[in-house]
Structure formats: structure tokens, C-alpha cells
Amino acid sequence: MDIHALKRPGMTISEIARRTDHDRKTIRAYLSGQRSPGIRKRADPDPFDVFVVYVTARLAEDPHLWAATLLDELHPLGFTGSYQTLTR
């Protein structure tokens, strides 16, 4: 249901919240444009971000590099994630 469409006829934020089963602060954020429905941001930074430059360089150097080999190279550099985390 479009929250903006409910607001046009003069419905209050509290009434929209009751009808849509959302918190009033969420409705207010949607109406003000601070948030968009269906888009979530991470609560914390992605721990893989510090390794992106290295991984990009290695894959440019050898596009057929196995993920297991790359994981073995990343562990000494401080990567603590699993094989599944790396391949995701």
C-alpha cells in the first residue's frame, strides 16, 4: 500500500501506521524521504571491503584463480571469513 497515497486525503501518521502495521517513526521517515521501502542499509561496515582492492588485483592477474587459493592468501592478511563468505 502506498503510504503517500494514504497521506494525501489527510490521514494522520498514527492512522497510517495502524493500517499498514508499521511504526510511526518508519511512516514519518518514508514520508519525509529519509528512507525508501525495501531498501536496507547495513548496520555495520562490510568486513570484506578492506580486501576488495587485493582480490580485484589478484583476479585481474589470474581470472581462473580458485577461491580456495584466494582464501589461503587472504587469511594471513587478516580475513577471518569462511569460504562461503568469500564466494558470496
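A salt bridge here is a side-chain nitrogen of Lys or Arg within 4 Å of a carboxyl oxygen of Asp or Glu. Hello everyone, with that in hand, let's look at the charged pairs.

A word on the source: this is a predicted model, where local features need pLDDT of at least 70, side-chain atom pairs count only at pLDDT 80 or more, and totals for chains, interfaces and linings use all residues. Residues are numbered from 1 along each chain as its sequence is written, and side-chain values use heavy atoms, leaving out hydrogens and water.

The structure holds four salt bridges. One of them joins Glu 73 and Arg 58, 2.8 Å from N to O. Glu 73 sits in helix α5 and Arg 58 in helix α4, so this pair ties together parts 15 residues apart in sequence. Helices here are DSSP runs (H or I, at least four residues), numbered from the N terminus. Which of the two partners is buried? Arg 58 is, at 15% relative accessibility, while Glu 73 is partly exposed at 22%. Buried means under 20% relative accessible area, exposed over 50%, and partly exposed in between, with a 1.4 Å probe and protein chains only.

Now for helix α2, residues 13–20. Glu 15, Arg 18 and Arg 19 are linked there in a network of salt bridges. Glu 15 meets Arg 18 at 3.0 Å, N to O, and Arg 19 at 2.9 Å, N to O. Arg 18 lies three residues from Glu 15 and Arg 19 lies four; either way, that is about one turn of the helix. Both arginines count as exposed, Arg 18 at 56% and Arg 19 at 52%.

Note on methods. Helices (H or I, at least four residues) and strands (E, at least two) are DSSP runs, numbered from the N terminus.
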